[in-house]
Amino acid sequence: ILFTMTELTKMYNEMLVTLEKGINDLEKFEDGNMSAGTRVRKTMQTTKELAQKIRVTVQEQKNAVAA
């Protein structure tokens, strides 16, 4: 499946927005709120999944051009 650049950009922007939303929870965690730590971990997992999708998509597109 080939994604258009706009879909890649959308995933990338979603990853950035996810990280930005998580900064408040990170600050709360650093202030001692352990529940915020769980939310930080969830944010990081979501970010990891989006990053992996982007990596795979870029690699697939590179391989399709090279073939």
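N24 is found in helix α1. Helices here are DSSP runs of H or I with at least four residues, numbered from the N terminus. This is a predicted model: local features need pLDDT of at least 70, side-chain atom pairs count only at pLDDT 80 or more, and totals for chains, interfaces and linings use all residues. Residues are numbered from 1 along each chain as its sequence is written, and side-chain values use heavy atoms, with hydrogens and water left out.

Back to N24. Its relative accessibility is 45%, so N24 counts as partly exposed. Let me give the cut-offs: buried means under 20% relative accessible area, exposed means over 50%, and partly exposed is in between, with a 1.4 Å probe and protein chains only. Now look across to T47. N24 and T47 are 23 residues apart along the chain, and their C-alpha atoms are separated by 16 Å.

T47 is in helix α2. Is T47 buried or exposed? T47 counts as buried, because its relative accessibility is 8%. Which residues does T47 contact, leaving aside its neighbours within four places in sequence? They are M15, T18 and L19. Contact here means heavy atoms within 4.5 Å. The T47 side chain also reaches the backbone oxygen of T43, at 2.8 Å. That is a polar contact: a pair of N or O atoms within 3.5 Å, where, within protein, one must be able to donate a hydrogen and the other to accept it, and residues adjacent in sequence count only if both atoms are side-chain atoms.

Next, helix α2 itself. It covers residues 34-66, which is 33 residues. From first C-alpha to last, α2 reaches 48 Å, close to the 48 Å expected at 1.5 Å a residue. The expected span is 1.5 Å times one less than the number of residues. Several α2 residues are buried, including A36, G37, V40, T43 and L50. T57 and Q61 are buried as well.

I54 is another residue of α2. With a relative accessible area of 12%, I54 is buried. Not counting residues up to four places away in sequence, I54 touches L8, M11, Y12 and M15. I54 and E7 are 47 residues apart along the chain, yet their C-alpha atoms are separated by 9.5 Å.

Now the start of α2. N33 sits in the loop between α1 and α2. What does N33 do at the N-terminal end of α2? N33 caps that end, with a side-chain oxygen 3.0 Å from the backbone nitrogen of S35. N33 is partly exposed, at a relative accessible area of 30%. Setting aside neighbours within four places in sequence, N33 is in contact with K28 and R39. R55 is another matter: N33 and R55 are 22 residues apart in sequence and 33 Å apart in space, C-alpha to C-alpha.

K28 belongs to helix α1. It is partly exposed, with a relative accessible area of 43%. Beyond its neighbours within four places in sequence, K28 is in contact with N33, A36 and R39. The C-alpha atoms of K28 and V40 are separated by 9.7 Å, and the two residues are 12 apart along the chain.

On to charge. Side chains of opposite charge can pair when their charged atoms come close. How many salt bridges does a search of the whole structure find? It finds 1. A salt bridge is a side-chain nitrogen of Lys or Arg within 4 Å of a carboxyl oxygen of Asp or Glu. The side chains of R39 and D25 meet in it, at 2.9 Å, N to O. R39 lies in helix α2 and D25 in helix α1, so the pair ties together parts that are 14 residues apart in sequence. R39 is partly exposed, at 35% relative accessible area. D25 is buried, at 14%.

Last stop, the surface. I23, L26, F29 and M34 form a nonpolar patch there, with about 350 Å² of accessible area together. Areas come from the Shrake-Rupley method with a 1.4 Å probe; for residues, only the protein chains shown count as cover. Patches are made of residues with over 30% relative accessible area and no salt bridge; like charges are joined within 9 Å, and nonpolar side chains (Val, Leu, Ile, Met, Phe, Trp, Tyr) within 5 Å. Which helix gives the most to the nonpolar patch? Helix α1, residues 5-30, does, with 3 residues. F29 lies in α1. F29 counts as partly exposed, because its relative accessibility is 34%.

Methods. Helices (H or I, at least four residues) and strands (E, at least two) are DSSP runs, numbered from the N terminus.
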